[in-house]
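Please find below a short note on the model under review. The points proceed from the chain as a whole to one residue.

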Amino acid sequence: MKLYPCKKCGGTVAVMKQKMSGFSYYRVNIDGSVEDNSDMYDDLMVKNCWKKYRCENCGSVLPVTGVIKEF
Ligand SMILES: [Zn+2]
């Protein structure tokens, strides 16, 4: 998949709305600081809500070549 800049505003950040379900373990140290939770989303089920990526700035659908990754 390759995305191209937004035709309308030139934006280069693409957004996909995603629905997630599942559970995770959130780790906190006894002093209140947050432990490494980088694996937090590993077991979540993720589904794309939109058929296409949109420009984060203006919401326009972004030009794309190739197949959009399905979860
Ligand atoms: Zn845009």
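How many helices and how many strands are there in the chain?

1. The model is a predicted one. Its chain holds six strands and zero helices. Read from the N terminus, the order of elements is β-β-β-β-β-β.

2. On overall dimensions, the chain is more spread out than a compact globule, because its radius of gyration is 17 Å, whereas the globule rule gives 11 Å for 71 residues. Taken along the principal axes, the box filled by the C-alpha atoms is roughly 50 × 25 × 15 Å.

3. As to burial, 4% of the 71 residues in the chain are buried.

4. The contact pattern also deserves a remark.

5. Where does Gly-66 lie in the chain? Gly-66 belongs to the segment that follows strand 6, and this strand spans 64-65. Is Gly-66 buried or exposed? Gly-66 is exposed, because 8 other C-beta atoms lie within 10 Å, and a residue with 12 or fewer counts as exposed.

6. Which residues does Gly-66 contact, once its neighbours within four places in sequence are left aside? Its contacts are then with Met-1 and Lys-2. The C-alpha atoms of Gly-66 and Met-1 are 4.5 Å apart in space, although the two residues are 65 residues apart in sequence.

Note on methods: Residues are numbered from 1 along each chain as its sequence is written. This is a predicted model: local features need pLDDT of at least 70, side-chain atom pairs count only at pLDDT 80 or more; totals for chains, interfaces and linings use all residues. Helices (H or I, at least four residues) and strands (E, at least two) are DSSP runs, numbered from the N terminus. The radius of gyration is taken over C-alpha atoms; the globule rule is 2.2 Å times the number of residues to the power 0.38. A residue is buried if 20 or more other C-beta atoms lie within 10 Å of its own, exposed if 12 or fewer, and partly exposed in between; C-beta atoms are placed from the backbone. Two residues are in contact if their C-beta atoms, placed from the backbone, lie within 7 Å.
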